[in-house]
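Me: I would like to go through this structure and ask what stands behind each label. Please give the value and the cut-off each time.

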Amino acid sequence: MILFRYLTREILQTMAAVAGVLLLVIMGSRFIRYFSSAAEGDIPVSILSNLMLYHLPGFLELILPLAFFLGILLAYGQLYLNSEITVLVACGTSPVKLLQVSMVSSIVVVVLVGLCSLWLTPAGALHNELLIEEQRSRLDFSSLTPGRFQDFGDGRTAYIASLDEDELRMQEVFISQRQRRSDGTPETMVTRAARGYQVTDDEAGTRFLILDDGERFSIEPGLGQAERLVFDSYAVRLSGTVLDADLAAAEYATTARLVVSPEPDFQAQLQWRLSLPLMVLILTLMAMPLSKVKPRQGRFAKLLPAVFLYVAYLSLLLATLDAIGSGSWPVAVGMWPIHGAFLALGLGLLWRDQRRGMSG
């Protein structure tokens with residue numbers, strides 16, 4: 001038990017350090033993208049933390065297999081450099097014993113990756129897509145930047161000069177919207193008002209922008225005339241309930257729905273979600289022999305070949321995912337030949353390692 005706890009602690013601590021660094025890099029890159037969109041007025045700053053939180057399972061399902069793979073390489077590589085493996089072999093520890101320790105640790109990672117890939121990632125992706133589409137479908141004060149023209153879709157452009165201190169009322173509002181009349185004639189509606197504020201109809205689930213003290217122009221392209229309407233108070237409908245996102249896509253579907261669907265893209269997504277936990281076990285088999293280094297090589301000697309193997313493994317799975325979804329690769333064959341090839345590679349490396357001896 002002392003040996004088991006020691007080796008498990010070394011592997012999991014190294015994995016946590018690697019996963020923390022990779023997660024920081026990936027989340028930082030995604031945060032910069034979202035922050036740029038918020039600066040341009042595409043999404044409000046208030047939902048950034050929400051978006052990042054629900055993206056976390058999608059990051060972890062890709063980071064954890066690599067982090068665990070590298071954790072075994074670095075942890076056991078350090079044991080080889082310190083000649084601790086040599087001492088363990090001299091005390092009767094067999095390669096099978098070390099493999100058992102690694103496989104027990106891998107079960108924890110398999111459960112975490114499976115939880116992310118089969119449940120949390122699709123649920124988080126659906127939540128984020130709904131949130132983004134909801135923001136795109138409405139004109140919200142939280143996403144308005146004073147002094148800038150901002151496009152809100154559906155041919156609608158808005159401008160405000162300033163916001164009150166409580167950010168509930170707008171000053172000098174300008175809205176331009178391209179639309180068609182009932183007879184199909186295109187027209188441009190231009191509305192200007194001195195003030196504006198937002199109200200919500202809870203029963204209808206619709207937002208309205210109430211404009212005070214302004215005027216509205218209706219202009220038809222190609223005609224030298226316009227209609228002008230002066231108003232004291234005018235309500236502009238800002239949002240409806242129709243979303244443009246394809247929320248029925250396979251990446252947003254629950255795993256239970258993927259199982260019963262015969263569609264190729266749904267079956268491809270199911271095999272992808274199952275492949276990630278399986279990849280952890282196969283990478284564990286390959287990590288054991290790859291971690292063996294000589295004292296003069298250093299613990300990072302096998303790091304580059306190991307990363308290359310992981311990238312090749314993941315790239316082949318992603319390519320097969322697209323091929324199955326497009327119908328160019330049979331669903332029955334799927335991703336299993338890739339797993340079989342890397343499993344055979346891992347078993348071959350273990351067999352060669354046992355023939356040469358652990359400390360040889």
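What follows is a set of questions on the labels used for this predicted model, with a reply to each.

Me: How do you know how far to trust the chain?
Reply: The average pLDDT of the chain is 83, and 84% of the residues score at least 70. Residues 241-245 fall below 50, and this stretch has 8 contacts in the model beyond near neighbours in sequence. Where pLDDT is low, the predicted coordinates should not be read in detail.

Me: Why is A67 called buried?
Reply: Buried means under 20% relative accessible area. A67 has 0% relative accessibility, so it counts as buried. A67 is part of helix α2.

Me: What does A67 touch, leaving out residues up to four places away in sequence?
Reply: A67 touches M15, V18 and A19.

Me: Why is T145 called partly exposed?
Reply: The label applies between the limits of 20% and 50%. T145 has a relative accessible area of 26%, and therefore counts as partly exposed. T145 sits in the loop between α4 and β1.

Me: Which residues does T145 touch, not counting those up to four places away in sequence?
Reply: They are Q150 and I160. The C-alpha atoms of T145 and I160 are 7.6 Å apart, with a separation of 15 residues in sequence.

Me: Why does W336 count as partly exposed?
Reply: Its relative accessibility is 38%, so W336 counts as partly exposed. W336 belongs to helix α8, residues 336-356.

Me: What makes up the largest nonpolar core?
Reply: The largest one has 63 residues, and F69, Y76, M279 and Y313 have the most contacts inside it. Helices α1, α2, α3, α4, α6, α7 and α8 each supply at least two residues. The largest share, 18 residues, comes from α2.

Me: Which residues does F69 touch, beyond those up to four places away in sequence?
Reply: F69 touches L283, M286, A287, L290, A306 and Y310.

Terms used
Residues numbered from 1 in each chain as written. Predicted model: local features only at pLDDT ≥ 70, side-chain atom pairs only at ≥ 80, totals over all residues. Heavy atoms only, no water. pLDDT = per-residue confidence, 0-100. Contact = heavy atoms within 4.5 Å. Helix = DSSP H or I, 4+ residues; strand = E, 2+ residues; numbered from the N terminus. Buried < 20%, exposed > 50% of the residue type's maximum accessible area, 1.4 Å probe, protein only. Core = buried A, V, L, I, M, F, W, Y, C linked by side-chain atoms within 4.5 Å.
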